[in-house]
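Work through these exercises with the model open beside you. Try each task before you read its solution.

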Protein chains: 4
Amino acid sequence: MIKISIVGASGYSGIYLLYALASRPDVFISAITSQTYSGKKLSEVFPVFSKSGFLKRNYVSELKFELFDRDKISESSDAVFFCLPHNESSKLVPGILNKNGKIKIIDIGADFRFDEIETYEEYYGKHSAAELNSKFLYGLADIFADKIKNSQFISNPGCYPTGALLPILPLVINGAVDFSIPIIIDSLSGISGRGRSVKPDNMFCEVENSVKAYNVWSHRHLPEIKEKVENAHLNSGGRQENSTPYIIFTPHVIPVSRGILTTIYLKLNKGVTEEIVSEVYEKFYGGSPFVSIRGNAEDCNLKNVLYSNNCHIAFKADKKQNKEMLKVISAIDNLGKGASLQAVQNMNLMLGLEPDSGIPEYSPFP
Amino acid sequence: MIKISIVGASGYSGIYLLYALASRPDVFISAITSQTYSGKKLSEVFPVFSKSGFLKRNYVSELKFELFDRDKISESSDAVFFCLPHNESSKLVPGILNKNGKIKIIDIGADFRFDEIETYEEYYGKHSAAELNSKFLYGLADIFADKIKNSQFISNPGCYPTGALLPILPLVINGAVDFSIPIIIDSLSGISGRGRSVKPDNMFCEVENSVKAYNVWSHRHLPEIKEKVENAHLNSGGRQENSTPYIIFTPHVIPVSRGILTTIYLKLNKGVTEEIVSEVYEKFYGGSPFVSIRGNAEDCNLKNVLYSNNCHIAFKADKKQNKEMLKVISAIDNLGKGASLQAVQNMNLMLGLEPDSGIPEYSPFP
Amino acid sequence: MIKISIVGASGYSGIYLLYALASRPDVFISAITSQTYSGKKLSEVFPVFSKSGFLKRNYVSELKFELFDRDKISESSDAVFFCLPHNESSKLVPGILNKNGKIKIIDIGADFRFDEIETYEEYYGKHSAAELNSKFLYGLADIFADKIKNSQFISNPGCYPTGALLPILPLVINGAVDFSIPIIIDSLSGISGRGRSVKPDNMFCEVENSVKAYNVWSHRHLPEIKEKVENAHLNSGGRQENSTPYIIFTPHVIPVSRGILTTIYLKLNKGVTEEIVSEVYEKFYGGSPFVSIRGNAEDCNLKNVLYSNNCHIAFKADKKQNKEMLKVISAIDNLGKGASLQAVQNMNLMLGLEPDSGIPEYSPFP
Amino acid sequence: MIKISIVGASGYSGIYLLYALASRPDVFISAITSQTYSGKKLSEVFPVFSKSGFLKRNYVSELKFELFDRDKISESSDAVFFCLPHNESSKLVPGILNKNGKIKIIDIGADFRFDEIETYEEYYGKHSAAELNSKFLYGLADIFADKIKNSQFISNPGCYPTGALLPILPLVINGAVDFSIPIIIDSLSGISGRGRSVKPDNMFCEVENSVKAYNVWSHRHLPEIKEKVENAHLNSGGRQENSTPYIIFTPHVIPVSRGILTTIYLKLNKGVTEEIVSEVYEKFYGGSPFVSIRGNAEDCNLKNVLYSNNCHIAFKADKKQNKEMLKVISAIDNLGKGASLQAVQNMNLMLGLEPDSGIPEYSPFP
């Protein structure tokens with residue numbers, strides 16, 4: 001039985017993770033924490049879960065939110081998930097490690113996503129556990145599975161970066177991208193991407209029937225995408241010599257609850273045809289349980305990936321005007337593949353399980 | 001009293017036009033045609049209009065849809081609007097002109113939008129009145145108002161081109177754009193953009209909670225945008241010498257009824273700062289009743305332009321990574337500014353009226 | 001020029017009222033108050049209004065939210081609108097009247113809606129100005145227009161009561177209703193009915209794709225409906241002798257921004273046929289600019305009344321099972337007819353203007 | 001291995017059934033029929049299913065829609081599901097029975113739902129297999145489970161009747177209802193309830209932001225509800241002596257894809273308290289895997305039952321005005337509990353399996 005704890009279990013990603021894990025017969029939830037709801041029973045705070053069979057498991061129906069207790073969590077967990085606002089998990093991880101040096105950590109927040117601590121601090125403020133940063137591996141599970149299998153510390157990717165990097169990195173790693181012009185990433189996210197905070201921007205009457213872009217040059221997921229593309233470019237080694245990747249990213253919010261559709265515009269290196277792109281993806285994702293290539297951009301839509309850990313990708317080169325420009329479109333569920341289900345996939349890999357072990361088909365909330 | 005006829009008055013753009021014009025005291029509707037509904041009263045086919053005060057005008061409440069009658073329309077109209085599928089208006093215009101050489105024509109369809117008949121035919125098939133094509137002026141009303149005032153024949157721009165060209169053309173005309181890399185136009189359209197056709201793609205259950213891209217390299221509005229940008233580039237004359245504009249356009253459909261949000265990525269020429277961009281727009285649109293520049297991308301959203309003939313524009317240069325890349329965002333109502341209200345604006349200009357004369361604030365359908 | 005002030009101008013009903021009144025050439029807005037936004041300009045807090053032509057009126061574009069100032073408002077207003085949470089307007093009205101005994105008051109809140117102060121206090125708590133209560137007239141404008149014309153103090157009806165009473169009262173007044181069984185009122189309201197408060201219940205992800213009933217036996221609008229039906233029953237005098245009206249009311253919240261659809265089930269007195277019902281409504285509403293009877297229940301829908309001061313009514317007796325049961329359906333815009341536009345209608349009546357004078361067709365927010 | 005066929009597998013209920021059954025290891029799909037899509041592969045017609053793991057089962061990914069073939073289906077099936085427009089299954093069932101007298105039949109359509117063939121014919125037209133009608137049992141699975149276990153022929157209840165009868169029948173069977181006044185059933189259904197037909201009423205732009213009632217006294221589900229309530233009343237025997245049940249039913253369509261919320265108003269017999277109602281439900285549904293009683297009307301909402309075979313019920317008596325009136329609210333997924341998943345539950349019962357065996361948590365379409 002895998003004993004796990006979830007720190008910050010009442011936000012959208014925490015509660016989804018809880019739902020996914022509590023449904024599994026091979027997992028035991030040792031603790032769920034919430035400052036807002038400590039002392040209350042899960043079923044009382046989220047009556048929606050009474051729909052689900054998993055509450056019929058005796059211990060789950062009795063689960064209560066607690067305040068964070070370092071000692072309890074250290075002693076009772078094989079793995080701990082952190083689902084906290086940025087700069088919170090980095091304050092708690094060191095204390096847990098002092099107590100239980102072998103515990104596995106999966107951080108859904110941003111604290112340990114960057115190789116360069118300076119980049120983190122530029123966008124998120126002072127880091128609280130910089131000395132631990134290098135221990136963490138970036139958990140883009142469908143690309144870095146081999147390394148994740150041997151890791152104790154995983155930082156789970158952001159939702160936009162997941163939707164952008166899964167289609168881009170295979171091309172960069174294979175030296176297919178011409179960096180002489182920018183890679184443009186245009187993303188459309190459902191409202192749940194803003195988290196469960198109660199503010200005007202999330203109110204029905206303010207978002208219904210509308211669409212907008214936000215943080216047009218300054219979204220925190222831009223440097224995350226950028227660093228990972230640069231790393232992949234450097235690691236792909238010498239097959240090209242042009243400049244540093246220049247990434248442009250624009251997030252938009254659309255009136256749906258869930259999902260991210262990402263449209264990417266990039267230039268291919270000379271000689272890289274649509275067929276070669278197809279081969280690259282086939283090589284990368286041919287055996288993947290989660291990433292699949294669609295023949296048709298219209299099939300690569302949100303409906304087809306809702307509630308899943310899947311990423312759908314479609315691509316097409318400009319045969320008319322200029323063969324070298326490629327559009328790549330990806331669709332994910334921002335809370336599933338973009339957060340909680342990728343975290344479960346990471347846990348599976350870290351524990352030597354099949355990556356798709358116990359990934360649920362649905363989540364009743366939100 | 002301005003006598004007008006609307007040919008094809010039962011689609012989304014025709015009915016909106018009818019609503020806008022029938023509300024005006026200075027306009028008399030001579031005829032409305034519809035193959036589907038001929039013989040039926042407007043108020044019977046569209047009970048929603050009974051909400052509106054305009055049906056209280058006696059003649060309007062008695063209006064009936066008719067079959068197209070060349071003679072009747074030629075004799076009873078000062079101006080005729082065509083709201084038909086492509087390649088239909090070009091079959092009817094010559095007959096009307098034979099009868100009434102002075103009649104003003106505003107075509108909401110695509111038939112006369114292109115300077116190059118070859119481009120039209122590549123995307124839409126054989127043209128039925130190529131000899132008339134050069135008489136038509138492209139009615140992008142906020143840019144070409146002076147020419148429109150003296151025109152008898154106007155082709156009303158497509159919805160996506162309106163959303164793209166209003167922000168792009170002033171920059172091109174002022175030589176601000178560096179064409180060494182593509183201009184990328186990423187657009188999000190409400191469902192009504194597909195017209196009132198009854199097909200699975202327009203059904204609630206199929207589009208709700210989803211988003212997708214379509215016609216990713218082949219949408220018919222791409223060559224329209226391209227031709228107008230090229231023309232502007234040529235006309236701006238010699239302030240740069242780089243290659244032909246390369247335009248990339250991706251339409252997406254989002255689960256709202258109305259509106260188009262367009263995000264544009266382009267490179268500025270050396271020395272063109274955000275401040276200069278601001279001046280260009282101020283010079284172009286400073287006195288415009290319809291186009292306004294928003295200081296903030298989040299304010300440039302669909303909600304702020306619904307049911308209007310307005311175009312909101314926001315822009316921002318990349319100060320962090322590279323000053324030369326500019327994002328420009330525009331928001332329009334696809335049926336208002338993108339079709340019927342721009343057609344009214346064109347009519348106003350052609351008739352020597354104020355451009356904002358009788359532009360309604362709302363439309364009860366769709 | 002009619003000088004008005006709006007106390008509490010930043011909620012949904014206040015801002016709508018402001019929009020409606022500021023668009024009028026015969027109205028001058030003297031003051032708008034808001035605790036949250038005092039000191040800020042209207043156009044800054046609600047950029048959506050920059051869409052609207054009314055901000056081009058110089059003084060409107062300069063309007064600032066202020067704190068409530070009894071003296072300023074008393075001196076500068078012919079009429080004052082209160083758009084406040086319950087039990088707030090009753091604290092402010094007396095002070096204003098001390099300063100300006102002739103000022104007209106229209107209260108959109110609940111404080112003065114009840115004849116019986118005990119009923120108010122049972123549902124809303126201690127009343128702060130019980131001595132003024134009897135001065136106020138219940139402003140159901142399409143029914144009590146004659147009395148409203150001579151009133152100085154109007155309490156504007158609640159949104160659900162407006163949707164319920166407009167169809168019910170004419171039947172009760174004409175002695176058509178058999179009270180031996182309950183009148184059942186089943187209402188469906190858009191999210192904006194809950195006001196602009198920022199709470200989980202109003203968040204997109206929590207209400208999208210769902211529907212629920214709430215306050216199933218205890219909603220505050222029940223006693224309001226009940227009192228007005230009882231009054232009408234008593235006033236209709238002696239044409240029947242059965243018991244006190246028994247009203248059952250169930251509000252539901254549905255995932256649209258605006259509108260209330262009400263389905264009413266009632267028993268007709270013996271001999272009251274569908275034709276007689278039709279005559280009753282014709283007599284009552286035949287000349288009304290706002291209330292109209294639809295021949296078809298499907299036409300009596302939200303879409304047909306959005307943004308309007310209209311009430312659509314459809315009705316049908318059970319010809320198959322039992323002629324005496326009648327269903328009546330009404331559709332209103334909860335913020336228009338159900339709040340701000342009915343308030344404007346009331347103001348028009350109080351000032352001797354046409355009831356439909358300056359009623360806008362649209363509101364850009366929410 | 002249970003061999004099943006689905007006749008009419010490309011509508012909303014057929015495809016959902018297919019999804020549910022094809023996911024099961026103990027079921028083998030022998031044939032799926034569709035006139036529209038015959039000859040095409042499932043995965044080609046519904047690419048959305050490629051998301052789902054069930055297409056990885058080899059035979060499922062190869063499934064093709066076929067034309068109806070009596071012999072093939074008779075020979076290769078243990079059970080056949082019919083998901084056809086009314087009056088279609090009754091034409092096909094006799095031929096299949098001639099070939100395979102032991103085959104189990106579950107008809108999701110209306111053909112065999114009525115005890116009284118006259119009632120059927122009044123609402124649906126001439127019946128094609130009246131001689132078989134009496135063999136069919138009404139498959140309201142949570143109430144008639146014991147009889148269903150021994151049945152070969154099941155007619156699956158309509159969606160509205162399921163939402164209405166699950167809460168009403170236990171009260172009627174226990175003699176709790178006073179029939180001296182009507183039972184009023186007010187239902188709100190998502191758009192998918194109209195089926196997958198492509199017509200204006202189902203188009204996004206026509207239903208979004210609106211709500212309406214339809215077929216206000218004549219919906220075909222009214223006589224179905226009525227017959228079952230009358231039967232239960234008669235069978236409950238002599239604990240009361242008032243008149244025939246009078247049922248009033250109003251369906252509304254709301255802008256969500258799925259779900260039915262039903263609000264029921266009924267009078268309790270003297271002495272039947274809220275506590276007794278609670279006991280009745282506890283006795284009936286206490287051990288049910290699918291029906292649960294919620295303490296709070298707000299929890300009895302669509303979100304909590306989406307994609308499920310659950311029925312949530314909440315109830316409350318009028319303690320203030322009159323103890324004897326009861327409101328009961330139920331929430332179901334119209335396509336799950338209201339159609340396909342209840343059909344699976346019926347199949348499970350007929351085959352001696354646990355009722356909740358293989359009920360999926362989700363359906364990717366619609």
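Helices (H or I, at least four residues) and strands (E, at least two) are DSSP runs, numbered from the N terminus. This is a predicted model: local features need pLDDT of at least 70, side-chain atom pairs count only at pLDDT 80 or more, and totals for chains, interfaces and linings use all residues. Residues are numbered from 1 along each chain as its sequence is written, while chains are lettered from A and ligands numbered from 1 in the order in which they are written.

**Exercise 1. The end of the chain**

Find the segment of chain C that holds Pro366(C), then name the kind of peptide bond that joins Phe365(C) and Pro366(C).

Solution. Step one: go to helix 12 (336-350) of chain C; Pro366(C) is in the segment after it. Step two: look at the bond between Phe365(C) and Pro366(C). It is a cis peptide bond, with omega about -10°. Step three: turn to chain D. Phe365(D) and Pro366(D) are joined by a cis peptide bond, with omega about -10°. Pro366(D) lies in the segment after helix 12 (336-350) of chain D.

**Exercise 2. The overall build of chain A**

How many helices and strands does chain A have?

Solution. Step one: count 12 helices and 15 strands in chain A. Step two: compare the radius of gyration (taken over C-alpha atoms) with the globule rule (2.2 Å times the number of residues to the power 0.38). Chain A has a radius of gyration of 20 Å, close to the 21 Å of the rule for 366 residues, so chain A is as compact as a globular protein of that length. Step three: note the extent. The C-alpha trace of chain A spans about 60 × 45 × 40 Å along its principal axes.

Step four: check burial. A residue is buried if 20 or more other C-beta atoms lie within 10 Å of its own, exposed if 12 or fewer, and partly exposed in between; C-beta atoms are placed from the backbone. In chain A, 58% of the 366 residues are buried.

Step five: check contacts (C-beta atoms, placed from the backbone, within 7 Å). Of the contacts in chain A with a separation of 6 or more, 75% are between residues 24 or more positions apart.

**Exercise 3. A helix with two sides**

Which residues of helix 5 of chain A are buried, and what do they pack against?

Solution. Step one: list the buried residues of helix 5 (residues 89-99) of chain A. They are Ser89(A), Ser90(A), Leu92(A), Val93(A) and Ile96(A). Step two: look down the helix axis. The arc is that of the directions from the helix axis to the C-beta atoms. The buried residues of helix 5 of chain A fall within an arc of 155°, so they line one face of the helix. Step three: find their partners. These buried residues pack against strand 1 (2-7), helix 4 (70-76), strand 4 (79-82) and strand 5 (104-107) of chain A. Step four: look at the face turned away from the buried side. There, helix 5 of chain A carries the exposed residues Lys91(A) and Asn98(A).

**Exercise 4. Two copies, one axis**

Step two: find the contact. It involves 38 residues of chain D and 38 residues of chain C. Strand 15 of chain D gives the most to this side of chain D, with four residues.

Step three: sort by class. Ala, Val, Leu, Ile, Met, Phe, Trp, Tyr, Cys and Pro count as nonpolar, Asp, Glu, Lys and Arg as charged, and the others, Gly among them, as polar. The side of chain D that touches chain C has 22 nonpolar, eight polar and eight charged residues.

**Exercise 5. A buried proline**

Is Pro223(B) buried or exposed?

Solution. Step one: locate Pro223(B) in helix 10 (residues 221-236) of chain B. Step two: count neighbours. Pro223(B) has 22 C-beta neighbours inside 10 Å, so it counts as buried. Step three: leave aside neighbours within four places in sequence. Pro223(B) is then in contact with Thr119(B) and Tyr123(B).
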